[in-house]
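Here is a short briefing to read with the model open beside you.

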Amino acid sequence: MEINLGRLAFDIDFHPSRDLVTIGLINGDLHLYRYSIDAQPQRLLEVHAHTESCRAVRFINDGHAIATCSPDLSILATDVETGSAIARLEDAHSGAINRLINLSETTMASGDDDGCIKVWDTRQRSCCNSFAAHQDYVSDMSFASDSMKLLGTSGDGTLSVCNLRRNKVQAQSEFAEDELLSVVIMKNGRKVVCGSQTGTLLLYSWGCFKDCSDRFVDLSPNSVDALLKLDEDRIITGSENGLISLVGILPNRIIQPIAEHSEYPVERLAFSHDRKLLGSIAHDQMLKLWDLDDLLKDSEKTPTSQAAVADSDSDEMDVEFSHPKSNKGTKTKSASKGADLSSSNSFFADL
C-alpha cells in the first residue's frame with residue numbers, strides 16, 4: 001500500500017505498539033496515519049510543526065507524543081491524540097538539527113549540521129550530554145545500550161563513539177575518503193556497518209574503530225542512504241537508485257533486491273511495531289508500506305560461516321582525539337545557523 005504525501009519526506013517512524021506511522025515533510029509538516037493490512041491508510045493528523053523542514057520524527061513517551069526537529073533549531077513534542085504542542089525547545093542546537101533517535105524510554109539523542117550530538121532527558125526536560133563529535137553534518141546514529149555508547153556517522157567521513165557514562169567522545173575513525181550516511185550495529189554488538197555516499201559498506205570491529213576491517217562494494221556506485229537491521233546477520237539497505245535490498249554480513253553478499261520504491265533515492269526505512277510491514281520513503285513524495293513476509297519469502301537466512309571478532313569493553317580505544325581533516329562531498333545538508341543560547345539546557349519550555 002502507498003500514500004501520496006504531496007511533499008518530499010525526510011523521516012518515518014512507527015508507533016511502538018499501535019498501527020500508526022508518522023512522517024516529517026520538507027515544508028515543516030508532521031503527518032500521522034493509521035494503517036491496516038486490508039484498508040487504505042487514514043490520515044489522523046496534519047500539523048505544521050516547524051517553520052522550516054521537519055527533518056526527523058520519533059515517537060516518545062511510550063508513543064503518547066511525537067518528537068520532531070528542524071533547521072529552525074527547535075525540537076517539538078506533539079500529542080498523538082490531539083495534535084497539540086506539548087512542549088517546544090527553541091535553539092536546541094546552534095546548527096540545523098538533522099537526526100533524532102530514541103536511546104531509552106526517557107532519553108533521546110539529536111544531531112545537527114555542525115557535527116554536534118546532544119542527549120536529552122525527556123523527564124527532566126534537560127540536556128544531559130553534549131558532544132562535539134564531527135566537523136560536518138550528523139547523518140545517522142545508533143545506540144549500544146549495554147555499554148552506553150552512542151555511535152554517529154557524518155558527512156566528514158568519520159564514525160564517532162560517544163561514551164555517555166564518561167561524557168566524552170571516546171573514539172573516532174580515520175577519514176573514510178567518503179561521506180558516511182547510515183550506521184547499524186550487527187553480530188551481537190561485535191560489528192558496526194556504515195553505508196556511504198559511493199555505495200560501499202564499511203565494517204568496523206567493535207573496539208577497533210580507527211579503520212574499517214572490511215569493505216563491501218557490491219552496492220556501488222549508488223549511495224546507501226538507509227540501513228535497517230533485520231537480524232544479527234542481515235540488513236536491509238535503501239539506495240540512491242531506489243532499490244531496497246537484503247544484504248548478508250559476514251559472509252558479505254547481496255542476498256537479493258527485495259523491492260523497488262521508485263527510481264528516486266530511498267531516504268529512510270523502518271519496521272512496524274510487529275515487524276509485519278516495512279515502511280519506505282524516497283524522493284518521489286510517496287510513503288510505501290510493504291508486507292515484510294512477502295518481501296522475504298524467497299530469501300534464505302545467511303549462514304554464519306565467518307565469525308566476527310569479539311572485542312571486550314576493555315579493548316576499546318579510550319583516548320582523546322582530534323578531528324581528522326576531510327574533503328567535503330556533495331551530500332552535505334543545507335543548514336540554518338543560529339546562536340547557541342542557554343535555553344538549550346532546559347528540554348522543552350512549557351507552553
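**Around Ile 244**

Setting aside residues up to four places away in sequence, Ile 244 touches Ile 236, Thr 237, Pro 257, Ile 258, Ala 259, His 261, Val 266, Leu 269, Leu 278, Ser 280 and Trp 290. Please keep in mind that this is a predicted model. The protein chain has one helix and 29 strands, and buried residues make up 59% of its 351 residues. Of the contacts in the chain with a separation of 6 or more, 51% are between residues 24 or more positions apart.

**Nonpolar cores**

- The largest nonpolar core has 17 residues, and the members that touch the most others are Ile 236, Ile 244, Leu 269, Leu 278 and Leu 292.
- Two or more residues of this core come from each of β22 (224–229), β24 (243–248), β25 (253–260), β26 (266–271) and α1 (292–296).
- There is also a second, separate core of 16 residues, whose members include Val 161, Val 183, Cys 194 and Cys 212.

**Strand β19 and its two partners**

- All of β19 is tucked away: six of the six residues in this strand (191–196) are buried.
- In a regular strand, side chains alternate between the two faces of the sheet.
- In β19, Lys 191, Val 193 and Gly 195 point one way, while Val 192, Cys 194 and Ser 196 point the other way, and all of them are buried.
- On one side of the pairing list is strand β18 (residues 180–186), which runs antiparallel to β19 and is joined to it by six bridges.
- Within that pairing, Ser 182 stands opposite Gly 195 of β19.
- β18 and β19 make a hairpin with four residues between them, and Lys 187 in the turn has a positive phi of about 55°.
- Strand β20 (residues 201–205) also pairs with β19 in the antiparallel sense, over five bridges.
- Here the bridge partner of Cys 194 is Leu 202 in β20.
- The hairpin of β19 and β20 has four residues between the strands, and Gly 199 takes a positive phi near 95° there.

**An open sheet of four strands**

- Four strands form an open sheet in the order β1-β28-β27-β26, with antiparallel pairing.
- β1 (2–4) and β26 stand at the edges with a single partner strand each, so one side of each has no neighbour in the sheet.
- From one strand to the next, the twist averages 15°.
- β1 and strand β28 (residues 286–291) run antiparallel and are joined by three bridges.
- One of the residues in this pairing is Asn 4, whose bridge partner in β28 is Met 286.

**Cysteines**

- How many disulfides does a search of the whole structure find? The search finds zero.
- Cys 116 is buried because its relative accessible area is 16%, under the 20% cut-off.
- Cys 208 counts as partly exposed because its relative accessibility is 40%, which lies between the cut-offs of 20% and 50%.

**Aromatic pairs**

- The structure holds two aromatic pairs.
- Phe 14 and Tyr 35 form an edge-to-face pair, with 5.7 Å centre to centre and 90° between the planes.
- This pair links distant parts of the chain, since Phe 14 is in strand β2 (residues 9–14) and Tyr 35 is in strand β4 (residues 29–36), 21 residues apart.
- Both Phe 14 and Tyr 35 are buried.
- Trp 206 and Phe 209 form an edge-to-face pair as well, at 5.1 Å centre to centre and 80° between the planes.
- Trp 206 counts as buried at 5% relative accessibility, and Phe 209 counts as buried at 1%.

**The loop at Thr 106**

- Thr 106 sits in the loop between β10 (97–102) and β11 (107–112).
- Which residues is Thr 106 in contact with, leaving aside neighbours within four places in sequence? They are Trp 120, Asp 121, Thr 122 and Arg 123.
- Thr 106 and Asp 62 are 44 residues apart along the chain, and their C-alpha atoms are separated by 9.1 Å.

Key
Residues are numbered from 1 along each chain as its sequence is written. This is a predicted model: local features need pLDDT of at least 70, side-chain atom pairs count only at pLDDT 80 or more; totals for chains, interfaces and linings use all residues. Side-chain values use heavy atoms; hydrogens and water are left out. A nonpolar core is a set of buried Ala, Val, Leu, Ile, Met, Phe, Trp, Tyr and Cys residues joined through side-chain atoms within 4.5 Å. Buried means under 20% relative accessible area, exposed over 50%, partly exposed in between (1.4 Å probe, protein chains only). Contact means heavy atoms within 4.5 Å. A disulfide is a pair of cysteine sulfur atoms within 2.5 Å. Two strands pair if DSSP finds at least two bridges between them. Axes are lines fitted to C-alpha atoms, for helices over the stretch in contact, and angles run from 0 to 180 degrees between N-to-C directions. Rings of Phe, Tyr and Trp (its six-membered ring) pair if their centres lie within 6.5 Å; planes under 30 degrees apart count as stacked, over 60 as edge-to-face and the rest as tilted.
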